[in-house]
Amino acid sequence: MAMVFSKVLTADDIDNGLSIPGCSLGQLPDQEGLTMSMQVHDRNGQAWIFSCTIKRNDSVGHFLSVGWNKFVRERGLRVDDKVTIQEEAMKKQGSGTWIKVEVKRKIRLFGEDIWADV
């Protein structure tokens with residue numbers, strides 16, 4: 001499994017969509033406004049379709065804006081949760097990859113911080 005991107009969520013990520021820097025994803029097309037769909041799977045194997053738009057910001061360059069409002073709502077995500085997007089080889093087909101999204105929440109337990117699945 002190869003990690004593509006990991007981020008602690010901000011209020012902007014929750015309210016307006018997840019922003020993924022282009023450098024995390026390799027070369028993005030230069031076409032600002034280009035929209036595509038990304039299918040991801042959560043830890044339960046449930047498929048989610050995220051609508052993604054390529055945007056540009058002078059300070060970070062190209063980035064992918066991921067519309068994932070339904071995922072945020074249904075999973076009860078909140079600020080300071082950590083999202084990780086990974087690419088994993090398909091086990092059954094023998095070739096190809098799929099994209100896995102994982103969300104964890106920091107919990108303080110007996111004076112220690114642990115990250116639990118959300």
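Buried means under 20% relative accessible area, exposed over 50%, and partly exposed in between, with a 1.4 Å probe and protein chains only. With those cut-offs in hand, here are some notes on the model.

1. **What we are looking at.** This is a predicted model, in which local features need pLDDT of at least 70, side-chain atom pairs count only at pLDDT 80 or more, and totals for chains, interfaces and linings use all residues. Residues are numbered from 1 along each chain as its sequence is written, and side-chain values use heavy atoms, with hydrogens and water left out.

2. **Overall layout.** The chain holds 2 helices and 8 strands, where helices (H or I, at least four residues) and strands (E, at least two) are DSSP runs numbered from the N terminus. Starting at the N terminus, the order of elements is β-α-β-β-β-β-α-β-β-β. The chain has 118 residues, and 34% of them count as buried. Its accessible surface is about 7400 Å², with 48% belonging to carbon and sulfur atoms; these areas come from the Shrake-Rupley method with a 1.4 Å probe, and for residues only the protein chains shown count as cover. Taking contacts (heavy atoms within 4.5 Å) between residues at least 6 apart in sequence, 45% join residues at least 24 apart.

3. Strand 7 (residues 97–109) and strand 8 (residues 112–117) run antiparallel and are joined by 6 bridges; two strands pair if DSSP finds at least two bridges between them. Ile-107 has Ile-114 in strand 8 as its bridge partner. There are 2 residues between the strands of this hairpin, and Phe-110 there takes a positive phi near 50 degrees.

4. Is Phe-110 buried or exposed? Phe-110 sits in the loop between strand 7 and strand 8 and counts as exposed because its relative accessibility is 80%. Together with Ile-107, Leu-109 and Ile-114, Phe-110 makes a nonpolar surface patch of about 420 Å². Patches are made of residues with over 30% relative accessible area and no salt bridge; like charges are joined within 9 Å, and nonpolar side chains (Val, Leu, Ile, Met, Phe, Trp, Tyr) within 5 Å.

5. Ala-116 belongs to strand 8 and is partly exposed, at 23% relative accessibility. Leaving out residues up to four places away in sequence, Ala-116 touches Val-103, Lys-104, Arg-105 and Ile-107. The C-alpha atoms of Ala-116 and Val-103 are 8.4 Å apart, although 13 residues separate the two in sequence.

6. **Salt bridges.** Side chains of opposite charge can pair when their charged atoms come close. The structure holds 6 salt bridges, each a side-chain nitrogen of Lys or Arg within 4 Å of a carboxyl oxygen of Asp or Glu. One of them joins Asp-117 and Lys-104 at 2.7 Å, N to O. That pair links distant parts of the chain, with Asp-117 in strand 8 and Lys-104 in strand 7, 13 residues apart. Asp-117 is partly exposed, at a relative accessible area of 44%.

7. **Two further pairs.** Asp-113 forms a salt bridge with Arg-108, with the closest N and O atoms 2.9 Å apart. Asp-113 counts as partly exposed at 42% relative accessibility, while Arg-108 is exposed at 57%. Glu-74 and Lys-70 also meet in a salt bridge, at 3.9 Å, N to O. Both of these residues lie in helix 2 (residues 69–75), 4 residues apart, which is about one turn of the helix. Lys-70 is partly exposed, at 48% relative accessibility.

8. Why does Asp-42 count as buried? Its relative accessibility is 4%, so Asp-42 counts as buried. Asp-42 is placed in the loop between strand 3 (35–41) and strand 4 (47–57). Its side chain makes a polar contact with the side chain of Trp-48 at 3.0 Å. A polar contact is a pair of N or O atoms within 3.5 Å; within protein, one must be able to donate a hydrogen and the other to accept it, and residues adjacent in sequence count only if both atoms are side-chain atoms. Setting aside neighbours within four places in sequence, Asp-42 is in contact with Trp-48, Arg-75 and Val-101.

9. **Thr-53 in strand 4.** Strand 4 also holds Thr-53. Not counting residues up to four places away in sequence, Thr-53 touches Gly-33, Leu-34, Thr-35, Phe-63, Leu-64 and Ser-65. Thr-53 and Gln-31 are 22 residues apart in sequence, and their C-alpha atoms are 9.8 Å apart in space.
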